[in-house]
Each structure stands twice: as C-alpha cells, then as structure tokens.
Amino acid sequence: GDCIFVNGNTLHQSFQKPESPATVSLITAFHPQIFRQILSEDLYTAYFETFLQHTSGFLIDQTLPCGSKIIHLLQDLAGFDKTQPGYELLYLRQLFSIWYETMEYMKETLDMNHTPDLQKSNSTAAKRMLAYIYEHYDQKLVINDLMQAANLSRSECFRCFNRYIGISPVEYINNYRLAQSTLLLSNTDMSILEVCLACGFSSSSYYGKLFKQHYGVSPLTYRKHARLTE
C-alpha cells in the first residue's frame, strides 16, 4: 500500500527487503507533455511548478484522506479494461483526478522551505554516466569512457555507481545490454550472433552465458517462448 511520487529527471531505484513477502509494484509514468498537449502548460505553472521545483520526490501518506485517494485512484487505473468502449476518456478522467488529489496533497503536506527529498545529494555525475551507457551500449565500453563522461576519477566512478545504482558499472552495462537484447530476440528475426553484436557483446558464448545466468534460459529458448506467448 505504500506510494511514492518521484519527480522527473530524478535518479531512483527500488528493491524488496529480503524478509518481505512477494510484492507487486505498480508504476505509473506521466509524460511531461501531458499538460502541454492535452490541456495547457499554464495549468502546470499555476498548480504544480512551485511545489515540484523544490522536490525530487516524496512519500505519500496513506493515512491522510488525499493520500488514500491517490493510492486508490492509481490502483483503479492499473485495472482498467481497455476493451471497454470509450475507455480512453475514462482513463483521462482518472489521470486528472490523480493530479488533482496530488495537488491537494502537496498543498497540505509539503514545506517549501524544507521538502523531504528522496535524494538530496547531487546525482548529476551518475546521470551522465547512465546517459552515456544508453547512447553507447552497442559499442565497446570501458570504465575510462564513463569517467570522462562524468569527469570523475576511477575510484569516484565506482563509488558513484555503488551509491546511486547499487552495482558495479560493468554489471550495469551488461544488464542493460541483456535487456536490450531481449527486445531484439522478441521483435526481430536477427540471428543470435547478430543480436549479440548489436547489443555490444563481442563474444556469443559470453553473451549466452550471461543471458542464462540472468534469465534462466538460453537466448534461443527465450525467443521461442516469447513468440509462443504473442
């Protein structure tokens, strides 16, 4: 039942505590253009800008009436029936109900002089390194590339990843490449070798080994299963 609001352009991660029972995370991402394209940017300026420019995020207290409303609206949104005629209109109504309750929540709870940020430390360097990985994951990547992208020393580079990402740079790069490879396996007819090379791996055997460690099956088996479930 916990709910967290994460502001745009904020580096964040979540994980389940080892002793906790299995949980489901419902993530609703609001595109920045939602006000500009559907209504008016003036609405954002009038009702949200003052609050959101002071925070990277906050925990929504479900014991407060407006906090409880936000959580229930999000849960209902996740269960929408997209086959229902006119569901798009109902969906939009739900979205703006969520934003209205969020506005009320921020007015009631946020202190503009001391907002409880999810992340108070400057994460600019981590963002630069991640952006570099996203842009160059299909090429040869070494730690020096990330160091230069963020203007950090080698030790600071590793420290930054450990602090903000929780894993090493190499592990993150491999995980991201593997994730991108699943898209190619599911949506293209590229050979396994072609997928391997397109995602920045130089060895198909190494790629296959990492893939099986991460997903529990070989790339070929993953592809067959993905196509059977389409």
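**Figure 1. The whole chain, from end to end.** Starting at the N terminus, the elements follow the order β-α-α-α-β-α-α-α-α-α-α-α-α-α. That makes twelve helices and two strands, where helices (H or I, at least four residues) and strands (E, at least two) are DSSP runs, numbered from the N terminus. Keep in mind that this is a predicted model, so local features need pLDDT of at least 70 and side-chain atom pairs count only at pLDDT 80 or more, while totals for chains, interfaces and linings use all residues. Residues are numbered from 1 along each chain as its sequence is written, and side-chain values use heavy atoms, with hydrogens and water left out. Along the principal axes, the C-alpha atoms fill a box of roughly 55 × 50 × 40 Å. Of the 230 residues, 33% count as buried; here buried means under 20% relative accessible area, exposed means over 50%, and partly exposed is in between (1.4 Å probe, protein chains only). Among contacts with a separation of 6 or more, 67% come from residues 24 or more positions apart, a contact being heavy atoms within 4.5 Å.

**Figure 2. A look into the largest pocket.** Rolling a probe the size of a water molecule over the atoms shows where empty space is left. The largest pocket has a volume of about 2000 Å³. Its lining takes in 46 residues, and Ile4, Phe5, Val6, Leu26 and Ile27 are the closest to the centre. On a 1 Å grid over the protein atoms alone, a pocket is an open set of points where a 1.4 Å probe fits, with protein on both sides within 12 Å along at least five of seven lines, and lining residues have an atom within 4 Å of a point. Grid points are joined across faces, edges and corners, and the volume is the space filled by probe spheres set on the points. Elements that each supply at least two lining residues are β1 (3–6), α1 (34–38), α2 (41–47), α4 (65–78), α5 (87–109) and α8 (154–164). By residue type, the lining splits into 24 nonpolar, 17 polar and five charged. For that count, Ala, Val, Leu, Ile, Met, Phe, Trp, Tyr, Cys and Pro are nonpolar, Asp, Glu, Lys and Arg are charged, and the others, Gly among them, are polar.

**Figure 3. Where α9 crosses α11.** Helix α9 (residues 169–187) packs against helix α11 (residues 204–215) at an angle of about 90°, and their axes are 11 Å apart. Axes are lines fitted to C-alpha atoms, for helices over the stretch in contact, and angles run from 0 to 180 degrees between N-to-C directions. The two helices are therefore roughly perpendicular to each other, a label that covers 65 to 115 degrees. From α9, the residues Asn174, Asn175, Leu178, Ala179, Ser181, Thr182 and Leu185 meet Tyr206, Tyr207, Leu210, Phe211, His214 and Tyr215 of α11. That contact has eight nonpolar residues, five polar and no charged.

**Figure 4. Ile165, in the loop between α8 and α9.** This loop residue is buried, with a relative accessible area of 12%. Gln13 is 152 residues away in sequence, yet the C-alpha atoms of Ile165 and Gln13 are 7.3 Å apart. Setting aside neighbours within four places in sequence, Ile165 is in contact with Leu11, Gln13, Leu130, Cys160 and Tyr172.

**Figure 5. Asn151 and its positive phi.** Most residues other than glycine have a negative phi. Asn151 is not a glycine, but its phi is positive, at about 60°. Asn151 sits in the loop between α7 (143–150) and α8, and is exposed at 69% relative accessible area.

Figure 6. Leu92 belongs to helix α5 and is partly exposed, with a relative accessible area of 30%. Val195 is twelve residues from Leu183 in sequence and 9.5 Å from Leu183 in space, C-alpha to C-alpha. Thr45 is in helix α2 and counts as partly exposed at 39% relative accessibility.

Conventions: Parallel < 35°, antiparallel > 145°, perpendicular 65-115°, else oblique.
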